[in-house]
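Here is a short tour of a structure for you to follow on screen. Take a look at the picture, then read on topic by topic.

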Number of protein chains: 2
Amino acid sequence: MRIEVINIGTELLFGRVNTNLNLISGILLRSGFKITKCVVVGDNKEEIKQVFLDSYKNSDIIIITGGLGPTFDDITRESIAESLNRKLIFDEKIWEEIKEKFKRRNIEPPEITRRQAYIIEGSKEIVNENGTAPGMLIEENGKLILILPGPPNELKPMLENSIKYIEEKFERENIITNIFSIIGVPESEVETRIRTLIEQNKKNLTILAHPNLIELVLTLKENEKEKFVEFENELREKFGLNYLGMNIGSVPELIGKLLKERKLRLAIAESCSGGLACKLITDIPGSSEYFIGGFVTYSNVLKKKILKIPKTILRKFGAVSEQTAIYMAKNAKKYGKADISVSFTGIAGPTGATPEKPVGLIWIGVCYKKDLFAENFIFSGDRQTIRERAVYKGFELLREVILKYEKK
Amino acid sequence: MRIEVINIGTELLFGRVNTNLNLISGILLRSGFKITKCVVVGDNKEEIKQVFLDSYKNSDIIIITGGLGPTFDDITRESIAESLNRKLIFDEKIWEEIKEKFKRRNIEPPEITRRQAYIIEGSKEIVNENGTAPGMLIEENGKLILILPGPPNELKPMLENSIKYIEEKFERENIITNIFSIIGVPESEVETRIRTLIEQNKKNLTILAHPNLIELVLTLKENEKEKFVEFENELREKFGLNYLGMNIGSVPELIGKLLKERKLRLAIAESCSGGLACKLITDIPGSSEYFIGGFVTYSNVLKKKILKIPKTILRKFGAVSEQTAIYMAKNAKKYGKADISVSFTGIAGPTGATPEKPVGLIWIGVCYKKDLFAENFIFSGDRQTIRERAVYKGFELLREVILKYEKK
């Protein structure tokens with residue numbers, strides 16, 4: 001079975017492509033469906049029609065997102081209606097719902113939003129709780145066409161609500177997908193260590209490289225699912241502690257779980273990473289259970305006043321130094337009596353380098369129980385990549401130090 | 001002229017699609033080239049060949065990214081070579097370069113990286129300074145094919161280096177694209193206010209909606225560029241202070257520029273936003289010039305100890321309150337003697353709501369000169385959307401309060 005996704009709109013310039021693709025493929029995968037192809041086109045009627053007709057010819061399920069807004073350049077409705085030789089029909093009930101939504105926000109519904117009350121003849125409405133544009137579901141020649149708005153918070157629940165219908169209509173392939181994560185080992189090293197395992201699963205395995213994390217995505221038929229156990233055992237054997245587990249979600253989620261289970265409370269001190277570590281930790285709902293807070297001591301004055309780094313340390317070794325990283329980690333813990341802490345200080349670039357301290361040099365400090373240390377790394381890449389790599393390396397160190405005490 | 005981009009690899013599941021598309025289209029637009037279509041396919045040889053041959057038939061320039069890694073599932077080289085009926089040739093010089101790169105990192109080059117030394121017969125190497133996979137440039141039948149690795153920090157400089165070649169080969173369309181930004185006005189309201197302007201520029205205009213920001217992307221021929229001035233004048237008239245300017249980049253960039261020009265130093269206090277505001281401000285290189293630092297007081301204990309929120313305030317009004325937001329903003333300024341500050345406290349969800357304080361309720365505090373106030377908002381969307389909307393609204397308030405004193 002072929003599933004194609006068509007992303008319509010301005011995403012070719014900027015956008016939401018990534019978020020929406022992750023969303024859509026995640027929701028489908030959980031139900032055992034896999035996307036074959038995705039096409040992104042701008043708001044150009046001829047292009048949209050061409051792309052849609054190609055997908056229509058080849059696919060069983062076509063999921064179209066974007067271009068349902070109220071403004072003139074939102075032409076998904078018209079383009080798909082024309083491609084299917086169907087009319088656009090003004091739906092009084094939907095128009096009433098749209099007006100009602102504006103009234104609840106105390107806004108007079110602008111006349112142009114009337115466009116959103118037009119639906120394609122013969123389509124079923126997919127209710128949009130978080131926005132004004134209704135979705136549409138069309139069945140034709142045994143094919144299923146879903147038309148959904150682009151904003152992720154509208155798209156997500158609408159697709160989730162439509163999944164049952166897809167499951168009823170189409171036999172799922174009875175596949176199960178699991179994701180196995182390995183931290184702190186480069187991609188080529190991962191492949192070298194498990195070459196045989198990869199060879200055996202060649203057709204069902206995908207390797208994803210993230211900052212400091214490799215994910216192995218293995219898809220198996222339901223009747224061969226015991227192979228997942230073998231696969232996981234092999235990973236445990238080959239990677240030891242670097243193997244994180246199955247379907248752990250993101251690394252911040254894993255760290256959150258680790259801390260929560262052990263009732264540990266975390267504090268973070270950031271300089272060059274500028275809040276990214278705190279942001280990633282608090283991306284996870286419920287992080288207030290284990291995250292006390294963070295100190296983004298971007299300037300030296302805050303390093304001195306808040307994290308009590310002695311002037312002499314800053315003068316002698318500089319803000320980017322082992323000593324500063326250690327002080328940062330140690331003193332970040334004190335305010336809220338955290339159990340564990342991590343600190344980041346370095347040169348994220350593109351400026352700020354000195355002959356001794358190149359762009360990419362980051363000191364990461366950790367404080368937990370009797371451990372208080374800092375390690376340095378030189379990360380490559382642009383400013384964002386360096387910051388990301390540093391923060392994920394810091395999360396790895398947190399995990400290591402927690403597990404170290406448990407082995408004893 | 002048609003330009004198509006093909007993203008190969010695991011992006012269908014997770015990914016880099018967004019970053020790479022932004023990167024590629026940004027680099028091309030600056031040189032006057034516009035992407036027509038983008039296709040994302042998995043690591044499946046038959047799919048890749050089909051997509052490539054379709055693009056080859058219709059396009060003048062084809063930019064392919066991804067699938068050049070060392071591992072078994074990186075099959076871009078093979079797929080494109082087969083599609084073009086060309087051989088893959090082992091390039092000794094490239095292999096030496098790859099080995100050299102590993103040696104510099106004190107790593108023995110794994111045998112599997114040999115795969116990256118194979119290039120398509122008749123292609124020119126595009127040098128990769130930041131990674132091991134070389135890029136390839138192929139010319140055939142007046143068409144140009146660029147094959148580039150997926151990691152953004154490798155892709156970016158390699159595409160930038162190739163642009164000159166594209167410019168020489170293909171006449172650019174002599175178009176200029178400018179982006180005009182409007183803050184704090186909903187999309188439908190923007191369209192209502194400038195309907196005539198939109199009607200006049202219908203074919204060259206795209207409207208992009210971001211959190212709290214609308215971008216109008218206008219593309220004109222070089223010989224009509226005086227129209228940009230008219231366009232901008234109209235926006236100034238219709239949106240006043242809400243019109244931000246032309247090609248401002250991101251909102252954090254704009255805030256950075258505002259602060260830098262006025263020599264103001266910013267401090268941030270965050271609760272529900274958990275470091276996101278600090279992260280966005282420090283995404284901008286050189287932000288240390290105007291950003292003193294931030295306090296991610298996620299727990300009440302840090303709100304009390306660091307930001308000195310009186311216990312009575314927290315007990316009487318709660319952490320999510322006008323009073324707390326005001327104290328946060330006021331006291332965040334003190335440590336590093338910042339000139340201006342902003343604070344965020346609210347319910348980002350999905351849990352934590354009470355009958356009086358729903359998910360999405362955020363208090364934003366601002367302190368600047370004689371101004372010290374907090375405003376509350378109810379943002380809709382999921383956790384990430386709410387946090388994003390709150391932070392961008394806070395940036396808008398910062399801008400407003402700065403400009404307010406200048407009008408006097």
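An axis here is a line fitted to C-alpha atoms, for helices over the stretch in contact, and angles between the N-to-C directions run from 0 to 180 degrees. Keep in mind that this is a predicted model.

**Two helices in chain B**

- Helix α2 (residues 45-58) of chain B and helix α3 (residues 76-83) of chain B have axes that come within 9 Å and cross at roughly 50°.
- The crossing of α2(B) past α3(B) is right-handed.
- On the α2(B) side, the contact is made by K45(B), I48(B), K49(B), F52(B) and L53(B).
- From α3(B) come T76(B), E78(B), S79(B), I80(B), E82(B) and S83(B).
- Sorted by class, this contact of α2(B) with α3(B) has four nonpolar, three polar and four charged residues.

**Two helices in chain A**

- Helix α9 (residues 251-261) of chain A packs with helix α14 (residues 383-407) of chain A at an angle of about 25°, and their axes are 10 Å apart.
- α9(A) and α14(A) are therefore roughly parallel to each other.
- Their crossing is left-handed.
- α9(A) brings V251(A), P252(A), I255(A) and L258(A) to the contact, while α14(A) brings Y392(A), F395(A), L398(A), R399(A) and I402(A).
- What classes do the residues of the contact of α9(A) with α14(A) divide into? There are eight nonpolar, no polar and one charged.

**Where chain A meets chain B**

- The contact takes 73 residues from chain A and 74 residues from chain B.
- Several elements of chain A each supply at least two residues of the side that touches chain B, including α1 (17-30), β2 (37-41), α6 (187-193) and α14.
- Which element gives the most to the side of chain A that touches chain B? That is β14(A), with six residues.
- By class, this side of chain A has 31 nonpolar, 29 polar and 13 charged residues.

- An open sheet of 12 strands has the order β6(A)-β7(A)-β8(A)-β3(A)-β1(A)-β2(A)-β2(B)-β1(B)-β3(B)-β8(B)-β7(B)-β6(B), and its pairing is mixed.
- β6 (124-126) of chain A and β6 (124-126) of chain B stand at the edges with a single partner strand each, so one side of each has no neighbour in the sheet.
- On average, and ignoring direction, neighbouring strands of this sheet are turned by 20° against each other.
- β2(A) and strand β2 (residues 37-41) of chain B pair in the antiparallel sense over five bridges.
- Strand β1 (residues 3-8) of chain B runs parallel to β2(B), and five bridges join the two.
- E4(B) has K37(B) as its bridge partner in β2(B).
- Is β2(B) buried or exposed? Five of its five residues are buried, so β2(B) is largely enclosed by the rest of the structure.
- Both faces of β2(B) are covered, with K37(B), V39(B) and V41(B) on one side and C38(B) and V40(B) on the other.
- Helix α2 (residues 45-58) of chain A lies across β1 (3-8), β2, β3 (61-65) and β8 (143-148) of chain A together with β2 of chain B, and runs at about 170° to β1(A).

**A four-stranded sheet in chain A**

- The order in this open sheet is β10-β11-β9-β12 (chain A), with antiparallel pairing.
- Its edge strands, β10 and β12 (243-246) of chain A, each pair on one side only.
- Neighbouring strands are turned by 20° against each other on average, direction ignored.
- β10(A) and strand β11 (residues 213-221) of chain A run antiparallel and are joined by six bridges.
- Across that pairing, A209(A) stands opposite I214(A) in β11(A).
- Helix α8 (residues 227-239) of chain A packs on the sheet and touches β9 (175-183), β11 and β12 of chain A, with its direction at about 5° to that of β9(A).

How values were computed. Residues numbered from 1 in each chain as written. Chains lettered and ligands numbered in written order. Predicted model: local features only at pLDDT ≥ 70, side-chain atom pairs only at ≥ 80, totals over all residues. Parallel < 35°, antiparallel > 145°, perpendicular 65-115°, else oblique. Left-handed = near helix turned anticlockwise from the far one by under 90°. Contact = placed C-beta atoms within 7 Å. Nonpolar A, V, L, I, M, F, W, Y, C, P; charged D, E, K, R; others polar. Pairing = 2+ DSSP bridges. Buried ≥ 20, exposed ≤ 12 C-beta atoms within 10 Å, placed from the backbone.
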